[in-house]
Amino acid sequence: MISSRKYKAICFDMGGTLLNTKVDYVKIANVIFDEMVRVGVPECVIDRNNGYRFNLEAGICYLDKQGRAGDVFRLSETAKRIEKNVEMEHVEESESFEGSLDLLKRIHFLGKKTGLLTGAYREYAVKACKICGVFDELDVIIARDDYVDSEAKPSPKAMEHLAEKLNVKTNEILFFGDHIYDLQCAEGSKTDFIGVLSGIYNKSDWEDLGVENIVSSVTDFYKDLLASTNEGP
């Protein structure tokens, strides 16, 4: 396990990592796919077994090559609206993983900063964090719509924005995540990474991606942190 001592900030992805969120990604994908077809993207361009963001990029590329700039803009804006609306449908069901709040408090007790880097939209992220009681223990939240789309996770620019807001360097952050997008963002920004098993990836998935530092959940990291720094609350 990576020692936390050398870091100035310990930061987290949100859904599947710090919080147990309830976003219906299948619904988002299906609604976006239907909208793509409605505006004239052929079914042969859409891979319904793949992620909707990958397909959206393919659809926008197709429309762009057709010289349909207006449809590109409309599809992009409609997709954002769909994502935001579906995210908010079950935000009240968000729960924190056991130990999440205690972990954030412990990090602050040790004089380190905390941050959240999420692919969710800000309205959803803030409300979910408030519902789960962790909002006040997060020094910085960077959400999907805080910057231009090209600088959202998995772009390393997302981590650079987080570091800038925390007033630290990216290599002074330890980042926890549950998805390859989290890993790609960390690797691209030279940020040390720990994969969690509380999201969609199992141990073999992480190992196949070359991740050596893995924890079952942030609860385990909290226990390790508590054991290694056994003064205070």
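Contact here means that heavy atoms lie within 4.5 Å. The structure described is a predicted model, in which local features need pLDDT of at least 70 and side-chain atom pairs count only at pLDDT 80 or more, while totals for chains, interfaces and linings use all residues. Residues are numbered from 1 along each chain as its sequence is written, and side-chain values use heavy atoms, with hydrogens and water left out.

Leaving aside neighbours within four places in sequence, Thr-191 is in contact with Met-159, Thr-170, Ile-173, Phe-175 and Ala-186. This threonine sits in the loop between α7 (180–188) and β7 (192–196); helices (H or I, at least four residues) and strands (E, at least two) are DSSP runs, numbered from the N terminus. Is Thr-191 buried or exposed? Thr-191 counts as buried because its relative accessibility is 6%. The cut-offs are under 20% relative accessible area for buried and over 50% for exposed, with partly exposed in between (1.4 Å probe, protein chains only). The side chain of Thr-191 also reaches the backbone oxygen of Thr-170 at 3.1 Å. Such a polar contact is a pair of N or O atoms within 3.5 Å; within protein, one must be able to donate a hydrogen and the other to accept it, and residues adjacent in sequence count only if both atoms are side-chain atoms.

Another backbone feature is the cis peptide bond from Lys-153 to Pro-154, with omega near 20°; Pro-154 belongs to the loop between β5 and α6.

Turning to helix α7, its residues Asp-182, Leu-183, Cys-185 and Ala-186 are buried. Seen down the axis of α7, the buried residues fall within an arc of 165°, so they line one face of the helix. The arc is that of the directions from the helix axis to the C-beta atoms. These buried residues pack against β4, α6 (156–166), β6 (173–177), β7 and α8 (203–208).

The strands come next. An open sheet of six strands has parallel pairing and the order β5-β4-β1-β6-β7-β8. Its edge strands, each pairing on one side only, are β5 (140–142) and β8 (214–215). Two strands pair if DSSP finds at least two bridges between them. Strand β4 (residues 113–117) is joined to β5 in the parallel sense by three bridges; here Leu-117 has Ile-142 of β5 as its bridge partner, and Gly-115 has Val-140. Between β1 and β4 there are four bridges, again in the parallel sense, with Ile-10 partnered by Thr-114 of β4. Four of the five residues of β4 are buried, so this strand is largely enclosed by the rest of the structure. Strands β6 and β7 run parallel and are joined by four bridges, and Phe-176 stands opposite Ile-194 in β7. Like β4, strand β7 is mostly covered, with four of its five residues buried.

A nonpolar core is a set of buried Ala, Val, Leu, Ile, Met, Phe, Trp, Tyr and Cys residues joined through side-chain atoms within 4.5 Å. Of the 47 residues in the largest such core, Phe-12, Met-14 and Phe-176 touch the most other members. A second, separate core of 21 residues includes Val-168, Phe-175, Cys-185 and Val-211. Not counting residues up to four places away in sequence, Phe-12 touches residues including Leu-103, Leu-104, Ile-107, Leu-116 and Phe-176.

The last stop is Ile-28, found in helix α1 (residues 25–38). At 1% relative accessibility, Ile-28 counts as buried. Setting aside residues up to four places away in sequence, Ile-28 touches Val-23, Tyr-52, Ile-82, Glu-83 and Val-86. From C-alpha to C-alpha, Ile-28 and Phe-175 are 27 Å apart in space, and they are 147 residues apart in sequence.
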